[in-house]
Amino acid sequence: MTEGITRGAALRAARGRLTHVETPARDARDLMRHVLGIDSAALIATERDPLPPAENARFEAAIARRAAHEPVSKIVGHRAFYGLEFAVTRAVLDPRADSETLIDAAREMAGNARRILDLGTGSGCLLLTLLHHLPDATGVGVDASEAALTVARGNAKRLGLDEKARFIRSDWFEKVDGTFDLVVCNPPYIGEDERDTLSDDVLLWDPEEALFADENGLAAYRTLASTLGKALSETGTAFFEIGSGQAEAVSRLFAACGFGDITFRRDIAGIRRCMIVRR
């Protein structure tokens with residue numbers, strides 16, 4: 001790229017460097033908008049404008065990172081989820097649309113819920129989104145990773161929810177006290193034998209401990225099923241994200257631990273993505 005390049009020409013060149021990623025045009029535009037600090041409409045309107053050398057250098061650096069499979073969210077430092085923006089780092093999973101299925105279900109079934117528990121909170125996206133939409137509720141997010149908790153606490157502060165959310169380091173329920181009306185959880189559920197099916201965008205940049213369970217992806221659910229009873233209130237509801245094809249196996253684990261009311265919510269692709277558990 002030369003000093004006299006326009007924004008549009010820089011975008012076209014960037015797309016050529018990103019042909020191996022899933023959405024090269026969108027990624028190039030998102031990174032250009034980030035570098036220039038403008039929205040999509042402004043970028044469309046100014047594609048014939050020159051790209052100054054400093055911004056050109058920053059854009060090329062961002063494209064090089066994306067070409068090496070670093071996700072756009074990790075490059076720009078944030079990801080949108082359910083209408084909110086969450087800071088993300090390599091310490092946390094990227095919030096994904098699949099998990100919005102849990103939010104939809106929990107909001108619909110929240111009733112008069114006052115206490116929310118988020119197990120494996122990561123960025124805090126599940127807990128903080130629910131607190132944003134349930135103004136009378138408070139919540140606790142737990143994670144085994146202190147680096148993840150730092151990200152979650154920062155997100156709570158930026159969203160103005162730090163007085164409603166508390167974050168503690170815990171191995172699942174280990175240090176959790178009391179009972180909760182809503183429990184949400186997106187545990188690791190990918191089997192080790194599926195590792196080769198993941199894209200480098202995921203495998204190289206999301207924390208492995210938040211992705212992989214045992215060979216069949218059920219290890220976390222076994223622990224959760226056997227310990228959920230101590231934290232779920234008598235009238236409470238738990239919402240677990242599950243992988244494609246796991247519904248029957250996971251539901252059997254919870255049924256074996258005495259949970260008799262188990263239903264599912266399908267995601268936008270028609271996959272049973274959210275398992276809803278009551279006593």
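Author: The model is predicted, and local features need pLDDT of at least 70, while side-chain atom pairs count only at pLDDT 80 or more and totals for chains, interfaces and linings use all residues. Residues are numbered from 1 along each chain as its sequence is written, and side-chain values use heavy atoms, with hydrogens and water left out.

Reader: Why is H1 called roughly parallel to H4?

Author: The axes of helix H1 (residues 7–17) and helix H4 (residues 53–67) cross at roughly 20° and come within 10 Å. Angles under 35 degrees count as roughly parallel, so H1 is roughly parallel to H4.

Reader: What makes up the contact of H1 with H4, by class?

Author: It has 7 nonpolar, no polar and 2 charged residues. Ala10, Leu11, Ala14 and Arg17 of H1 meet Phe59, Glu60, Ile63, Ala64 and Ala67 of H4, where contact means heavy atoms within 4.5 Å.

Reader: Why is strand S4 called mostly covered?

Author: In S4 (residues 138–143), 5 of the 6 residues are buried. Buried means under 20% relative accessible area, with a 1.4 Å probe and protein chains only, so S4 is described as mostly covered.

Reader: How do you know that S3 and S4 pair?

Author: Pairing requires that DSSP find at least two bridges between two strands. Strand S3 (residues 115–119) is joined to S4 by 5 bridges, so the two strands pair; they run parallel. Arg115 stands opposite Thr138 in S4.

Key: Axes are lines fitted to C-alpha atoms, for helices over the stretch in contact, and angles run from 0 to 180 degrees between N-to-C directions. Helices (H or I, at least four residues) and strands (E, at least two) are DSSP runs, numbered from the N terminus. Angles under 35 degrees count as roughly parallel, over 145 as roughly antiparallel, 65 to 115 as roughly perpendicular and the rest as oblique. Ala, Val, Leu, Ile, Met, Phe, Trp, Tyr, Cys and Pro count as nonpolar, Asp, Glu, Lys and Arg as charged, and the others, Gly among them, as polar. Buried means under 20% relative accessible area, exposed over 50%, partly exposed in between (1.4 Å probe, protein chains only).
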